[in-house]
Amino acid sequence: MRAARILPLGILVAGLLLWVSRGFYDVAPDEQAIVLRLGRYDRTVDPGRLRWHAPGLETVLSQRVTTTLREEFGYRTTATGTEEHAEEKRMLTSDENLVDVDFVVQYRIGDVRQYLLNYRPDERENVIREAARAAVRAVVAQNPIDQVLTARGLIHDTAREQLQAALDAYHIGVHVENIQLQDVAAPEPVREAFADVTSAQQDRERAVLEAQGYADKVVPEARGRSEETVNLAHAYHDRRVLEAQGQVAGFKAVLSEYKKAPDVTRQRLYLETLEQILPKMDKVILEKDGSGQVVPYLPLSRREGAK
């Protein structure tokens with residue numbers, strides 16, 4: 001009798017222990033999980049210690065959230081190579097030109113609840129692809145073809161912002177990290193002509209950079225020479241002013257002495273002037289008494305030499 005009563009209790013305890021043991025789970029470091037209670041969202045679980053949920057009443061859905069996912073447009077990378085999808089790459093620019101654009105969208109999961117619950121996996125991929133295709137086409141349609149061919153950075157940033165806004169409105173729970181244009185080219189019949197245009201634009205940019213570099217070199221040199229000339233002019237000005245001031249001071253000193261003794265000063269100035277002039281002249285000295293008996297001096301040799 002006693003054994004008959006203990007057996008059901010033991011079975012109940014064993015079943016309870018089995019049920020409890022099946023409820024333990026962990027979340028990997030690169031994952032997040034959500035717990036559904038009776039099919040409805042209950043909580044989000046971050047990676048960490050061992051956790052428990054009620055089996056049968058709660059369901060745990062885990063998802064890697066640190067991996068960067070990607071979607072390719074205009075081509076597909078396969079195990080054997082690259083597969084072209086021409087219907088995805090043909091786009092229209094603002095100046096009504098056609099251009100072929102291959103691009104890649106890189107994204108990661110930002111809200112695991114929205115990502116897992118709001119869309120089925122096949123719907124989720126379709127929403128991301130259609131939104132990305134619409135965002136890139138819209139940005140390309142707002143720019144002329146030469147801008148699309150050369151200014152990829154602007155296309156990347158604008159398309160990423162528009163795609164992120166669209167996906168946020170769809171509550172899909174992803175964060176767009178980057179949109180990269182892989183290959184941008186004009187259609188085949190006009191590709192060579194557009195390549196020439198691109199080459200000419202690059203040559204123009206290179207010429208502008210070279211001219212700017214030459215200007216950066218020449219302008220400072222010219223400014224340096226200008227400053228040197230101005231400094232020399234200032235120095236010459238100062239020297240001439242000082243010389244003039246010195247001459248004025250000398251004249252004033254002479255005038256002061258002249259006023260004290262006019263005759264003496266006049267005689268001294270006369271003698272000083274002769275001292276400066278006579279050493280530079282040829283001189284002939286004639287005696288006063290015999291001047292009437294001598295033929296006047298005529299420097300014929302000098303005149304002949306002058307001829």
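## Contact between helix 4 and helix 6

In this predicted model, helix 4 meets helix 6 through Val 127, Ile 128, Ala 131, Ala 132, Ala 135, Val 136, Ala 138 and Val 139. On the side of helix 6, the partners are Ile 155, Thr 158, Ala 159, Gln 162, Leu 163, Leu 167 and Tyr 170.

Helix 4 covers residues 121-141 and helix 6 covers residues 152-170. Their axes lie 9 Å apart, and the two helices pack at an angle of about 140 degrees. Angles over 145 degrees would count as roughly antiparallel, and those from 65 to 115 as roughly perpendicular; helix 4 and helix 6 are therefore oblique to each other. The crossing of helix 4 with helix 6 is right-handed.

## Contact between helix 7 and helix 8

A second pair of helices is formed by helix 7, residues 191-260, and helix 8. These two pack at an angle of about 130 degrees, with their axes 5 Å apart. Because of this angle, helix 7 and helix 8 are also classed as oblique to each other. Helix 7 contributes Val 254, Glu 257, Tyr 258, Lys 259 and Lys 260 to the contact, while helix 8 contributes Pro 262, Thr 265, Arg 266 and Leu 269. The residues of this contact divide into four nonpolar, one polar and four charged.

Thr 265 belongs to helix 8, which spans residues 262-277. Its relative accessible area is 4%. Buried means under 20%, so Thr 265 is buried. Apart from residues up to four places away in sequence, Thr 265 touches Val 254, Glu 257 and Tyr 258. Thr 265 is also ten residues from Leu 255 in sequence, and the C-alpha atoms of the two are 9.1 Å apart in space.

Lys 89 is part of helix 2, residues 86-89. With a relative accessibility of 12%, Lys 89 counts as buried. Its side chain is joined to that of Glu 84 by a polar contact of 2.8 Å. When neighbours within four places in sequence are left aside, Lys 89 is in contact with Gly 74, Glu 84, Val 99, Asp 100, Val 101 and Asp 102.

Asn 143 is located in the loop between helix 4 and helix 5, the latter being residues 145-150. Asn 143 has a relative accessible area of 12% and is therefore buried. Beyond residues up to four places away in sequence, Asn 143 touches Thr 93, Ser 94, Val 148, Leu 154 and Ile 155. Ile 155 also takes part in the contact of helix 6 with helix 4.

Asp 30 is situated in the loop between strand 1 (24-25) and strand 2 (31-37). Its relative accessible area is 22%, so Asp 30 is partly exposed. Asp 30 and Gln 63 are 33 residues apart in sequence, yet their C-alpha atoms are 8.5 Å apart in space.

Setting aside its neighbours within four places in sequence, Asp 30 is in contact with Gln 63, Arg 64, Val 65 and Thr 66. With Arg 64, the side chain of Asp 30 makes a polar contact of 3.0 Å.

## Loop residues with positive phi

Two loop residues call for separate mention. Glu 96 has a positive phi of about 65 degrees although it is not a glycine. Glu 96 occurs in the loop between strand 9 (90-92) and strand 10 (98-109). With a relative accessible area of 68%, Glu 96 is exposed.

His 171, likewise a residue other than glycine, has a positive phi near 55 degrees. Its place is in the loop between helix 6 and strand 11 (174-185). The relative accessible area of His 171 is 44%, so this residue is partly exposed.

## The chain as a whole

The protein chain contains nine helices and eleven strands. Of its 307 residues, 22% are buried. Among contacts between residues at least 6 apart in sequence, 67% join residues at least 24 apart.

Key:
Residues are numbered from 1 along each chain as its sequence is written. This is a predicted model: local features need pLDDT of at least 70, side-chain atom pairs count only at pLDDT 80 or more; totals for chains, interfaces and linings use all residues. Side-chain values use heavy atoms; hydrogens and water are left out. Axes are lines fitted to C-alpha atoms, for helices over the stretch in contact, and angles run from 0 to 180 degrees between N-to-C directions. Helices (H or I, at least four residues) and strands (E, at least two) are DSSP runs, numbered from the N terminus. Angles under 35 degrees count as roughly parallel, over 145 as roughly antiparallel, 65 to 115 as roughly perpendicular and the rest as oblique. A crossing is left-handed if the near helix is turned anticlockwise from the far one by less than a right angle, and right-handed if clockwise. Contact means heavy atoms within 4.5 Å. Buried means under 20% relative accessible area, exposed over 50%, partly exposed in between (1.4 Å probe, protein chains only). A polar contact is a pair of N or O atoms within 3.5 Å; within protein, one must be able to donate a hydrogen and the other to accept it, and residues adjacent in sequence count only if both atoms are side-chain atoms. Ala, Val, Leu, Ile, Met, Phe, Trp, Tyr, Cys and Pro count as nonpolar, Asp, Glu, Lys and Arg as charged, and the others, Gly among them, as polar.
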